[in-house]
Amino acid sequence: MPDSAPEIQRITARSSSLGEGLTVARTLPHRTRRMVGAWCFLDHIGPTQFGAGQGLHVGAHPHTRLQTFTWMIEGEILHRDSLGSDQVIRPGQVNLMTAGHGIAHTEDSVQGGQRMHAAQLWIALPDAVAECPPAFAHYPQLPVWQDGALQYTVMAGSFAGRTAPTAVHSPMLGMELLNQQAAPATVTLPLEAGFEHGLLALEGGFSVADQVFAMDELAYVPPGQAQLTLELAPGTRLLVLGGAPFTDPVTLWWNFVGPDLAAIRGYRADWEAGSPRFGDVPGGEGRRLAAPAMP
Ligand code: MN
């Protein structure tokens, strides 16, 4: 029995500043759509060309009860954190930092004047593991294959029998489809029917269910679809996110996820007091980001 046409929601990115003149396109959270599965934050960085001597520089800042997930497309970023991790991420690789109880990190361009293109997402941790010890993992190799016009990369979860090594804690999918052809490519993706999905063009554009989505317009597909037919414009790079609708409480404020605002007040106070909950980032001395005032 064919699926009925899904009711697709369009979420247009808003611009947010990462400092030093770098703006990013943020689609999650949105007032009409907070999450897609456990994916609770989605920034599309670039593509951009930094001027001579310029780059991405994000000072030391904390996280709790989430994983930061970085997918690098162009350029290089040096990640350092309060566990002592010191890792450059390059195109085609994923960095996954598990904040759990608390961690702090910095992110810096390796060189000025580079091109930069990346997606940075947050994954909410289920209650059962949300307070786990912090961890950092670098995944230099992921399942990548070509099928017809499209190159597939599985970055989290499984698709078509390929499983990413990424250590995630709830049922989810993170995948990239790349149409390297000079012609549009049509594909029917089998979906996990219990998942909701989000589709975002990081380059190019696509259409689904007779609706056209430009770069930085997220298409939200509700649960209940066993497959979905897409048309990718030439050169399109499509991020495909999926996950079981997340039912544990998630409050998001600044860089924190908490079970509620009261808990987040505590994390904020710990960060402002220099608590060992977060620790110090080597090289992050003197560029610690201050938490904004809470409402
Ligand atoms: Mn961060």
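User: How many bridges join strand 9 to strand 12, and in which direction do these strands run?

Analyst: In general, the strands of a sheet pair through backbone hydrogen bonds, either parallel or antiparallel. In this predicted model, strand 9 (residues 94–98) and strand 12 run antiparallel and are joined by 5 bridges.

User: What is the strand order of the open sheet?

Analyst: The open sheet holds 7 strands in the order 2-3-4-11-6-9-12, and the pairing is antiparallel. Its edges are strand 2 (14–17) and strand 12 (135–139), each of which pairs on one side only. On average, neighbouring strands of this sheet are turned by 20° against each other, direction ignored.

User: How many cavities of 30 Å³ or more does a search of the whole structure find?

Analyst: As a general idea, rolling a probe the size of a water molecule over the atoms shows where empty space is left. Here the search of the whole structure finds 1 cavity of 30 Å³ or more. The largest cavity holds about 70 Å³ of space. Its lining includes Thr-68, Ile-77, Asn-95, His-105 and Phe-136. Strand 6 (66–74), strand 7 (77–81), strand 9 and strand 10 (103–109) each give two or more residues to this lining. By class, the lining residues are 4 nonpolar, 6 polar and 1 charged.

User: Which residues lie nearest the centre of the largest pocket?

Analyst: The largest pocket has a volume of about 450 Å³. Of the 24 residues that line this pocket, Leu-18, Arg-26, Phe-41, Asp-43 and Asn-255 lie nearest its centre. Among the elements that give two or more residues to the lining are strand 2, strand 4 (39–49) and strand 11 (115–124). The lining has 11 nonpolar, 9 polar and 4 charged residues.

User: Which residues coordinate the manganese ion?

Analyst: His-61, His-63 and His-105 coordinate the manganese ion, each through its NE2 atom, at 2.1 to 2.2 Å. In sequence, these donor residues follow the spacing H-x1-H-x41-H.

User: Are His-61 and His-63 buried or exposed?

Analyst: A residue counts as buried when its relative accessible area is under 20%. His-61 is therefore buried, because its relative accessibility is 4%. His-63 is likewise buried, because its relative accessibility is 1%.

Key:
Residues numbered from 1 in each chain as written. Predicted model: local features only at pLDDT ≥ 70, side-chain atom pairs only at ≥ 80, totals over all residues. Heavy atoms only, no water. Pairing = 2+ DSSP bridges. Helix = DSSP H or I, 4+ residues; strand = E, 2+ residues; numbered from the N terminus. Axes fitted to C-alpha atoms, helices over the stretch in contact; angles between N-to-C directions. 1 Å grid on protein atoms, 1.4 Å probe; cavity = no way out; pocket = protein on both sides within 12 Å on 5 of 7 lines; lining within 4 Å. Points joined across faces, edges and corners; volume = space filled by probe spheres on them. Nonpolar A, V, L, I, M, F, W, Y, C, P; charged D, E, K, R; others polar. Donors = N, O, S within 2.8 Å, 3.2 Å for Na, K, Ca; no water. Buried < 20%, exposed > 50% of the residue type's maximum accessible area, 1.4 Å probe, protein only.
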